[in-house]
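Visitor: I would like to learn how to read the strands and the overall shape of a chain. Please start with the terms.

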Amino acid sequence: MASPTVPAPWCGRDFKPRSFDKHTPVVCYDKPRASVVSHKEYDDKRFLAITGETVQTLVVPKREARTWTMQEGDLCRITVHEGSQVGDLNFWNLENTQERFYSGKTRQLHSSHLKMYDRLWSCLPHLRPMATFVFDSLANYGIDEDGASLHDVIGTRCDDYTYKLITGQDRVGSCHSSLVKAVAEERGLTEQDVHDVWNIFMCTGFTKDTQQYFCKPSPARKGDFIEFVADMNLLVALSACPQGDVSIPVGAEVPDEKCHPLKVEVFRKK
Ligand SMILES: [Zn+2]
């Protein structure tokens with residue numbers, strides 16, 4: 001069968017199909033030194049914090065967002081304490097909120113889905129570790145047969161603007177709108193301060209044939225949790241996503257029973 005010629009009459013040339021040299025993939029950022037932490041050092045930080053004192057406990061209600069602060073060395077545990085639920089996290093340097101989480105560079109330095117001992121990096125020109133992921137009760141989910149995994153830094157956060165683009169409907173009820181409301185009411189920040197997220201408990205990947213973003217229902221169940229250690233003083237915001245456990249496709253009505261709160265605890269060494 002003849003290969004198709006790409007028509008491009010507007011530039012006066014036909015682009016004939018070419019063949020391309022094949023190369024073996026080379027990992028671009030193969031674990032730079034700063035991205036690799038001592039497991040023992042972080043296990044020790046985790047132990048000291050958990051055996052210290054609980055400095056904060058809060059519940060992020062379903063379909064809402066809340067903020068809290070952490071000191072460097074504090075440990076935060078986020079628990080699916082009622083039912084399956086995904087969450088969207090934002091991070092800022094507590095002393096300078098212009099320094100904030102950079103999901104794209106975190107994705108390049110580690111991978112599309114974060115694993116224990118991966119770090120969360122701040123934006124340029126800072127590019128510093130903001131926090132380190134130290135425990136995941138779902139770690140053995142791994143990468144499934146479709147290439148899906150948990151806790152991605154791919155998705156940007158659900159928002160009402162994209163919802164309208166897809167459905168034509170106006171709506172206020174997304175991680176973006178919840179985060180904007182929480183940071184405005186609790187911290188005096190604005191919509192421009194809300195940024196791309198760490199998508200915890202969410203199961204996502206890219207289709208093998210078309211490389212499109214997909215999600216699966218979250219495998220998180222009541223009692224599952226993740227923990228991270230703050231590597232600087234932090235302001236953190238978490239949205240309990242209105243997509244709930246992500247078992248309903250985007251655009252369809254999400255029944256209330258698919259949505260749950262998330263519990264946040266902050267521990268500090270004595
Ligand atoms: Zn969401």
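Guide: Two strands pair if DSSP finds at least two bridges between them. Strands (E, at least two residues) and helices (H or I, at least four) are DSSP runs, numbered from the N terminus. This is a predicted model, in which local features need pLDDT of at least 70 and side-chain atom pairs count only at pLDDT 80 or more, while totals for chains, interfaces and linings use all residues. Residues are numbered from 1 along each chain as its sequence is written.

Visitor: How many bridges join β3 to β11?

Guide: Strands of a sheet pair through backbone hydrogen bonds, either parallel or antiparallel. Here β3 (residues 75–79) and β11 (residues 225–230) run antiparallel and are joined by five bridges. Arg 77 has Glu 227 in β11 as its bridge partner.

Visitor: In what order do the six strands of the open sheet lie?

Guide: The order is β1-β13-β3-β11-β7-β6, with antiparallel pairing. β1 (53–60) and β6 (119–121) are the edges; each has a single partner strand, so one side of each lacks a neighbour in the sheet.

Visitor: What do β4 and β5 form?

Guide: They form a hairpin with two residues between them. Two bridges join β4 (residues 87–93) to β5 (residues 96–100), and the two run antiparallel. Asn 93 stands opposite Asn 96 in β5.

Visitor: What is the radius of gyration of the chain?

Guide: The value is taken over C-alpha atoms, and the globule rule is 2.2 Å times the number of residues to the power 0.38. For 270 residues a compact globule would have a radius near 18 Å; the chain has 21 Å, which agrees.
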